[in-house]
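The sequence and the model come first, and the description follows.

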Amino acid sequence: MPTPLTDTARHLRTGWTVAGPLLSGAATGITATVAGLPPVDAALIAVLGAGLGVSAVGYLRGRADRVATDERAQVHDSRARSLSWTVTSTGLTAMWAWEFARHGVSAAQPYLALLLLAQASYAAALMWHRSRN
């Protein structure tokens, strides 16, 4: 039977898991707004801050250390990385198409360069992993 102290510690840990990313996102969003960035940019920076908060909380709670030893954590990490790569590449493709359609080739070049970097890094990582196995 859990003691009240362990229940309190568990609730406190869960509270910081939720509050850490929220506070980080709010702080970066407020900083971006005070710096004079447009609202869309401030919102994107706030989301980035929340993502950094999630990473920090995961590291502090020991999630980063489990990836080295726990097979289940390795599978989750691999799936999360694959999903994030897919979302990032899809977003870059959409942003490239939007800029190309609206403003022409010169405005779309940075997105194309990032998209090519993402594709090249994926191909290089795939070849490296296949050579190791």
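## Glutamate 99

Glutamate 99 is located in helix α4, where helices are DSSP runs of H or I with at least four residues, strands are runs of E with at least two, and both are numbered from the N terminus. Its relative accessible area is 17%, so glutamate 99 is buried; buried means under 20% relative accessible area, exposed over 50%, and partly exposed in between, with a 1.4 Å probe and protein chains only. Apart from neighbours within four places in sequence, glutamate 99 is in contact with Gly104, Ala107, Ala108 and Tyr111, contact being heavy atoms within 4.5 Å. Between the C-alpha atoms of glutamate 99 and proline 110, eleven residues apart along the chain, the separation is 9.9 Å.

## Basis of the model

The model is predicted: local features need pLDDT of at least 70, side-chain atom pairs count only at pLDDT 80 or more, and totals for chains, interfaces and linings use all residues. Residues are numbered from 1 along each chain as its sequence is written, and side-chain values use heavy atoms, with hydrogens and water left out.

## Overall architecture

Five helices and zero strands are found in the chain, and from the N terminus its elements run α-α-α-α-α. Of the 133 residues in the chain, 14% are buried. Considering contacts between residues at least 6 apart in sequence, 41% join residues at least 24 apart.

## Packing of α4 against α5

Two packed helices are described by the angle between their axes and the distance between the axes. The axes of α4 and helix α5 (residues 105-132) come within 8 Å and cross at roughly 160°; axes are lines fitted to C-alpha atoms, for helices over the stretch in contact, and angles run from 0 to 180 degrees between N-to-C directions. α4 is therefore roughly antiparallel to α5, given that angles under 35 degrees count as roughly parallel, over 145 as roughly antiparallel, 65 to 115 as roughly perpendicular and the rest as oblique. The crossing of α4 past α5 is left-handed, a term used if the near helix is turned anticlockwise from the far one by less than a right angle, with right-handed used if clockwise.

By class, the contact of α4 with α5 comprises 14 nonpolar, four polar and one charged residues. Here Ala, Val, Leu, Ile, Met, Phe, Trp, Tyr, Cys and Pro count as nonpolar, Asp, Glu, Lys and Arg as charged, and the others, Gly among them, as polar. The α4 side includes Trp85, Leu92 and Met95, and the α5 side includes Val105, Leu112 and Tyr122.

Not counting residues up to four places away in sequence, serine 89 touches Leu115, Ala118 and Gln119.

Threonine 93, which lies in helix α4, is partly exposed at 37% relative accessibility. Its C-alpha atom is separated by 7.5 Å from that of tyrosine 111, 18 residues apart along the chain.

## Aromatic pairs

The structure contains two aromatic pairs. In one of them, the ring centres of tryptophan 96 and phenylalanine 100 are 5.5 Å apart and the planes are at 15°, so the pair is stacked. Rings of Phe, Tyr and Trp (its six-membered ring) pair if their centres lie within 6.5 Å; planes under 30 degrees apart count as stacked, over 60 as edge-to-face and the rest as tilted.

Tryptophan 96 and phenylalanine 100 are separated by about one helical turn because they are four residues apart in helix α4 (residues 71-103). Tryptophan 96 is partly exposed, with a relative accessible area of 28%, and phenylalanine 100 is partly exposed at 40% relative accessibility.
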